[in-house]
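Please follow the account below with the sequence and the model side by side.

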Amino acid sequence: MSNKPESLAAAFIGHLTYERRLSPLTCTSYARDIRVLLKYLSGSDLAQVQLPAIRQVIAQLHGKGLSSKSLSRMLSAWRGFYHYLIRDHHFKHNPCTSVRVPKSAQRLPHALSPDETAQLLNFVSNDMLAARDKAMFELFYSSGLRLAELTQLKPTDVNYEEGTVRVLGKGGKERIIPVGEQALQALRFWLEQRTPLLKPGVTALFLSHRGVAISARTIAHRLKLRGKLQGLHQNVHPHILRHSFASHVLQSSGDLRAVQEMLGHASISTTQIYTHVTIKQLKEVYQRCHPAAREVPVS
C-alpha cells in the first residue's frame, strides 16, 4: 500500500464501502470531504500534520463562507480518516481531535405550509412517470424519509396491511415508519405501472424510465420540476418534504420524541430545531392575524 495521500484516501473509502458498508451517498460525502483536506494540505506528509495545520484549514474554509454545520461534517470525516490511518497504517496521532469549528448563526430549515404541500402533491397520475413521481413525493412527505432512504427501498419494505415502511437509515440503523393512506394509494397505483418497466435482477421500488433504480439526482430534478409545474414560487427539493413532515407532525402533536424516532435522529437535540420552526410560524400567524400585533395607525 502506497503512503501517498490519494492512495490512503482511496483505501479509507474502500474501508467505509466494503467493511463498514455505509451507503453510496455517505461514502461519496466522505470522499468529497477528504479531497478538501488533501487539497489544503497539498504536499504535506499526512503522518506529520499537526493540530495548527488543521485549525488553519478550518479557518480558511470558514473565511470562504462555509457554515459551522458543513465544517463540523468535514471535521468528523477527517477525524474518521485519521482514526483509520492510526488503526490500519500505523499513524501515531490524530491532529483533528481537539479542533473546534467556529459557530455561525443557526439557520432554520425551511418547510412548506400544509396548503403549499397539498398544492405540490395535487396532480393527476396520468402516465407512468407521473404515477411514480406521485408515489415518491407522497411517501417522502408522509413518512419524512431521507433521499438516500427512498432510493434504497424495495417493494417488500412497504407493509400495506400495517401501513408502514421499513427503511435503512444512517449507520445501517433500521426503523419502521407509519405511511398515510394517500401515500399507500399512490404506491399501489405505481406498482401496477412498475411491472412493464422492470428489468431482470432489479429490486428497487422506484425505477427510471429505463427500468433500473432511479438515481437521487433524478428524484431531486423531478421534484424541482413538479414544484414549478404546481405553481410554487420557491425551490422545492427532497429535504424540504422531510422538513415539512417534521414541522407539520410536531405542530399537530407536540410529541418531540415521536418525531425523533420517525426521522431517525440519533440525538433529540437535532430534532429540537423543528420546535424553533413551529415557534417562528406561530409568530408569523400572530403578526398577521392578531389585532394587537398590528402597527398602530398614526392619527
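Leu75 lies in helix 4 (residues 68-89), where helices are DSSP runs of H or I with at least four residues, numbered from the N terminus. This is a predicted model, in which local features need pLDDT of at least 70 and side-chain atom pairs count only at pLDDT 80 or more, while totals for chains, interfaces and linings use all residues. Residues are numbered from 1 along each chain as its sequence is written, and side-chain values use heavy atoms, with hydrogens and water left out.

With a relative accessible area of 3%, Leu75 is buried (under 20% relative accessible area, 1.4 Å probe, protein chains only). Leaving aside neighbours within four places in sequence, Leu75 is in contact (heavy atoms within 4.5 Å) with Ile54, Ile58, Cys96, Val99 and Val101. Thr97, 22 residues away in sequence, is 9.0 Å from Leu75, C-alpha to C-alpha.

Helix 4 also packs against helix 2 (residues 24-40), at an angle of about 85 degrees and with the axes 9 Å apart; axes are lines fitted to C-alpha atoms over the stretch in contact, and angles run from 0 to 180 degrees between N-to-C directions. Helix 2 is therefore roughly perpendicular to helix 4, a term covering 65 to 115 degrees. Helix 2 contributes Ser29, Tyr30, Asp33, Ile34, Val36, Leu37 and Leu38 to the contact, and helix 4 contributes Arg73, Met74, Ala77, Trp78, Phe81 and Tyr82.

In helix 5 (residues 114-121), the buried residues are Thr117, Leu120 and Leu121. Seen down the axis of helix 5, these buried residues fall within an arc of 85 degrees, so they line one face of the helix; the arc is that of the directions from the helix axis to the C-beta atoms. Their cover includes helix 6 (128-143), helix 9 (216-229) and helix 10 (238-253).

Definitions and conventions. Helix = DSSP H or I, 4+ residues; strand = E, 2+ residues; numbered from the N terminus. Buried < 20%, exposed > 50% of the residue type's maximum accessible area, 1.4 Å probe, protein only. Parallel < 35°, antiparallel > 145°, perpendicular 65-115°, else oblique.
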